[in-house]
Structure formats: structure tokens, C-alpha cells
Amino acid sequence: MIRPNDDIYFTQDHLWVRFHGAVAYIGLTDFFQTRAGVIMNVSLYSKEGTIEQFEDFAIIDSRRAINRLKMPVAGKFIETNLKVITEPSIINGSPMEDGWLVKIAIISPPEIFNLMSGMEYEIYKEEQSQTA
């Protein structure tokens, strides 16, 4: 269970966004990786410059599905985590730490209000589990 924290937020697509000032790390939640099963391939779109909110930024290929990921907040790419490309299983073992996907500089702080807090996300996951 994720403890509510002021610097980490979640999306309905089961992505997490961890803020460090105006910089954000983005990755897959434990809930996502558990449902996806073994992550076999990660394709991070090679992009320089900015990316808009809801723009595709990655494809995750697992034993159960292929998922196209949408950027939860607009930003400027700073770094991609090359480890998850060469060792996708890192996401299964450490989705909230070593398994981060991209690091961006936030360009539209108000978009943060579209994300869920840790408590809101826990409630959302429970609702999703009941409908699955």
C-alpha cells in the first residue's frame, strides 16, 4: 500500500508522478505491473524538447498486453531511464523506485490538479478491483 505523500500523485492509467520541485519522475505503479505481468519490452519515445499532457510517450509490452502510455503532465524531457529499456523486469521488481521511465521539467503546474493523491488512488484501485 502506498502511503499518502504530498510529492507523489497518480493517474487513472496507473502511472505515478513524483515531484522534486519543478522536476517530475514518471513511472508505472505496482498495481499496473502486477496486472500486466512480466514486463518484456519498454519503448520510450525518443523525444527532445517538450511533450504535451496526454501525448504518447512510451509503449509497455508485457505477457498480458501492449500498453501505450500517455504523459500525465506537460513538460520538457530531461532524461529517460535507459535501464528499463535494457532490463524491463526492473519495473516488476521496483516500479516506484528503480523502474521510473522519464524525468521531465514541469511546464504547466496547474495540470497537477488533474492527478490523484495517494489516498484518492487507493480508493480508485479498490473500485477498479471490484469491477475487474
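User: Why does tryptophan 100 count as buried?

Analyst: The model is a predicted one. In it, tryptophan 100 has a relative accessibility of 15%. Buried means under 20%, so tryptophan 100 counts as buried.

User: What makes tyrosine 25 partly exposed?

Analyst: Its relative accessible area is 21%. Partly exposed covers the range between the 20% limit for buried and the 50% limit for exposed, and tyrosine 25 is therefore partly exposed.

User: Why is the pair of tyrosine 25 and tryptophan 100 called edge-to-face?

Analyst: First, the count of aromatic pairs comes to three. One of them is stacked: the rings of phenylalanine 10 and tyrosine 121 have centres 4.5 Å apart and planes at 10°. Centres must lie within 6.5 Å for a pair, and planes under 30 degrees apart count as stacked, so the term applies to phenylalanine 10 and tyrosine 121. Phenylalanine 10 belongs to strand E1 (residues 8-10) and tyrosine 121 to helix H4 (residues 118-131), 111 residues apart, and the pair thus links distant parts of the chain. Phenylalanine 10 and tyrosine 121 are both buried.

For tyrosine 25 and tryptophan 100, the ring centres are 5.2 Å apart and the planes stand at 85°. Planes over 60 degrees apart count as edge-to-face, so this pair is edge-to-face.

User: Why is the pair of tyrosine 25 and tryptophan 100 said to tie together parts of the chain?

Analyst: Tyrosine 25 lies in strand E3 (residues 23-28), whereas tryptophan 100 lies in the loop between helix H3 (90-93) and strand E9 (102-106). The parts are 75 residues apart in sequence, so the pair ties them together.

User: How do you know that the radius of gyration agrees with that of a compact globule?

Analyst: For 132 residues, a compact globule would have a radius of gyration near 14 Å. The protein chain has 14 Å, so the value agrees. The C-alpha atoms fill a box of roughly 35 × 30 × 20 Å along the principal axes, and buried residues make up 45% of the 132 residues.

User: What share of the contacts with a separation of 6 or more comes from residues 24 or more positions apart?

Analyst: Such residues account for 60% of those contacts in the protein chain.

User: Which secondary structure does the protein chain contain, and in which pattern?

Analyst: The protein chain has four helices and nine strands. Along the sequence, they follow the pattern β-β-β-α-β-β-β-β-β-α-α-β-α.

Note on methods:
Residues are numbered from 1 along each chain as its sequence is written. This is a predicted model: local features need pLDDT of at least 70, side-chain atom pairs count only at pLDDT 80 or more; totals for chains, interfaces and linings use all residues. Side-chain values use heavy atoms; hydrogens and water are left out. Helices (H or I, at least four residues) and strands (E, at least two) are DSSP runs, numbered from the N terminus. The radius of gyration is taken over C-alpha atoms; the globule rule is 2.2 Å times the number of residues to the power 0.38. Buried means under 20% relative accessible area, exposed over 50%, partly exposed in between (1.4 Å probe, protein chains only). Contact means heavy atoms within 4.5 Å. Rings of Phe, Tyr and Trp (its six-membered ring) pair if their centres lie within 6.5 Å; planes under 30 degrees apart count as stacked, over 60 as edge-to-face and the rest as tilted.
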